[in-house]
Amino acid sequence: MNPRYVHYLLKRLDLNRYRIGSGQPLLTHAILNGLPVPRLGRAEQDAAASVLGALDDKIEVNGRIAAAGDALVRARYDEAAAVAGAVIAIGELGDLVRRGVPPQRIGRDENYIALEHMPKRHMWLSTWTDASGVTSAKRRFAAGDVLFGKLRPAFHKVGLAFVDGVASSDILVVRAKDADRRGWLLAALASDDVVAHACAVSDGTRMPRARWQDIAAFTVPWPGDGAARAFGGFAAALARRVEAAASESAALAKLRDALLPELIP
């Protein structure tokens, strides 16, 4: 059998439906051997795997674009920070958005970002869900805001929002005072130094939480207004490219999932 076809076949079968047990659900050989599968010839397997695989390959390329963009912003920030002749407090670059919203005023189709939607040490937030399951108060955010995971900050969850929406109360919403300095704010908040500081001053042992006032008071390297604005333009261009790639990946994933039952009945 075509190995890649087997991958999509198992995805089509949705094996989670067949797991048994409550504490640690599992699959047995007997269950797997008893699952009904379509009888496709090798040519049909190759065709299905080729179409579905091409979509996943492009999604993977887009993921590498995002990772490369993240690494490039960090590298440029570190280079500029190394020769910066001054420092600036985070609070001079951005403000905490304190606008809360009760659950009854959150639309079911609004975008919702929780900590689980924020990848570790990755500054582009391209994943979210709808707010249909929200039952508690949240924070409003807008596209271009920087979200900082304050719960267990050691997980290093800091990123740029591509859409408007509502965020978990375990996330700080930070808005740039000046849009041209947003890139420097993003790179600073996502830097190892700021995250390490947030960890050091967090309250609590089992569920430590960082506080905005502690983060806002922390100083980071400052290359000067002109250099910071140039950096902001560079970061903004990369963010647009990553956002386009993420949007394309979402459309490709939707197409792949629609084709899966058609190609593997």
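**View 1. R229 and D178 are joined by a salt bridge, with N and O 2.6 Å apart.** A salt bridge is a side-chain nitrogen of Lys or Arg within 4 Å of a carboxyl oxygen of Asp or Glu. The pair connects distant parts of the chain, 51 residues apart: R229 lies in helix α8 (residues 225-263), and D178 in the loop between β11 and α5. Helices (H or I, at least four residues) and strands (E, at least two) are DSSP runs, numbered from the N terminus. The model is predicted; local features need pLDDT of at least 70, and side-chain atom pairs count only at pLDDT 80 or more, while totals for chains, interfaces and linings use all residues. Residues are numbered from 1 along each chain as its sequence is written, and side-chain values use heavy atoms, without hydrogens and water.

**View 2. D178, D180, R181, D225 and R229 form a network of salt bridges.** R181 is buried at 19% relative accessible area, whereas D225 is partly exposed at 30%. Buried means under 20% relative accessible area, exposed over 50%, and partly exposed in between (1.4 Å probe, protein chains only).

**View 3. D145 forms a salt bridge with R175.** D145 is buried, with a relative accessible area of 2%; R175 is partly exposed, at 36%.

**View 4. Helix α6 (residues 192-200) has V194, V195, H197 and A198 as its buried residues.** These fall within an arc of 160° seen down the helix axis, so they line one face of α6; the arc is that of the directions from the axis to the C-beta atoms. D193 and A200, on the other side, are exposed.
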